Amino acid sequence: MMLDFGEAVRQFYKNYTNPDGRAQRSAFWWVKLYEVILISVCAIVVLMADGGSSFIEQITRVVEFEEVTILWADLGSSGKFAVIAVFAFSLVNFLPGIMLNIRRFHDLDRSGWLVLGFFLIGSFPVIGTLASLGNLVWFSMPGTVGSNRYGADPLGNNNDTFG
């Protein structure tokens, strides 16, 4: 059975530290949509705040702490709140995101250690971008039909004879 948006997000947080089992494509992509929506809303709030457009424009070029404090001081209160919200949201979703990726690899009958491999490869500029795109393509593929070594098929296609 394919998950809907709300159920996918509920399972994402319910399995906060659970790397066991499998995650179907809909679980992965609904959570990605959820993350994009929340971060986009916060980015719009930052852009609408006093000093928000210059904050967004300059933050990618910041190399020194003093520059960050100047940009932060010029940012309006709603913009500061939105930046803090994105930071907190990213921290809260870091671990369950890793667990979801592990379960997604499990659905493809691959080791969850590939998450670490993609993370390490991602630290290299050009190769990391290509690896991230490859990972997204891989996660777009259907999982193994029926049970595999990581558990039952989350879509319910468990037609194993002796299973």
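This is a predicted model: local features need pLDDT of at least 70, side-chain atom pairs count only at pLDDT 80 or more; totals for chains, interfaces and linings use all residues.
Colleague: Where is Arg-22 placed, and is Arg-22 buried or exposed?

Modeller: Arg-22 sits in the loop between α1 and α2; helices (H or I, at least four residues) and strands (E, at least two) are DSSP runs numbered from the N terminus. Arg-22 counts as buried because its relative accessibility is 10% (buried is under 20% relative accessible area, exposed over 50%, partly exposed in between, with a 1.4 Å probe and protein chains only).

Colleague: How is the packing of two helices to be read?

Modeller: Two packed helices are described by the angle between their axes and the distance between the axes. Here α1 and α2 pack at about 90°, their axes 8 Å apart, which means that α1 is roughly perpendicular to α2. Axes are lines fitted to C-alpha atoms, for helices over the stretch in contact, and angles run from 0 to 180 degrees between N-to-C directions; under 35 degrees is roughly parallel, over 145 roughly antiparallel, 65 to 115 roughly perpendicular and the rest oblique. The residues in this contact divide into ten nonpolar, one polar and one charged. In that classification Ala, Val, Leu, Ile, Met, Phe, Trp, Tyr, Cys and Pro are nonpolar, Asp, Glu, Lys and Arg charged, and the others, Gly among them, polar.

Colleague: At what angle do α2 and α5 cross?

Modeller: Their axes come within 9 Å and cross at roughly 170°, and α2 and α5 are therefore roughly antiparallel to each other. Among the residues making the contact are Phe-28, Val-31 and Leu-38 of α2 and Ala-82, Val-86 and Leu-100 of α5. By class there are 15 nonpolar, four polar and three charged residues.

Colleague: Which residues have the most contacts inside the largest nonpolar core?

Modeller: In soluble globular proteins, nonpolar side chains tend to be buried together. The largest core has 14 residues, and Leu-100 and Phe-139 have the most contacts inside it. α1 (5–14), α2 (25–48) and α5 (77–107) each supply at least two of its residues, and α5 gives the largest share, four residues. A second, separate core of six residues includes Cys-42, Phe-55, Leu-75 and Ala-82. A nonpolar core is a set of buried Ala, Val, Leu, Ile, Met, Phe, Trp, Tyr and Cys residues joined through side-chain atoms within 4.5 Å.

Colleague: Which residues does Leu-136 touch, not counting residues up to four places away in sequence?

Modeller: Leu-136 touches Phe-28 and Trp-29 on that count, contact meaning heavy atoms within 4.5 Å. Leu-136 belongs to helix α7 (residues 125–140) and is partly exposed, with a relative accessible area of 39%. Leu-136 and Trp-29 are 107 residues apart in sequence and 9.8 Å apart in space, C-alpha to C-alpha.

Colleague: What is the phi of Asp-109?

Modeller: Phi is near 60°, a positive value in a residue other than glycine. Asp-109 lies in the loop between α5 and α6 (114–121).

How values were computed. Residues are numbered from 1 along each chain as its sequence is written. Side-chain values use heavy atoms; hydrogens and water are left out.
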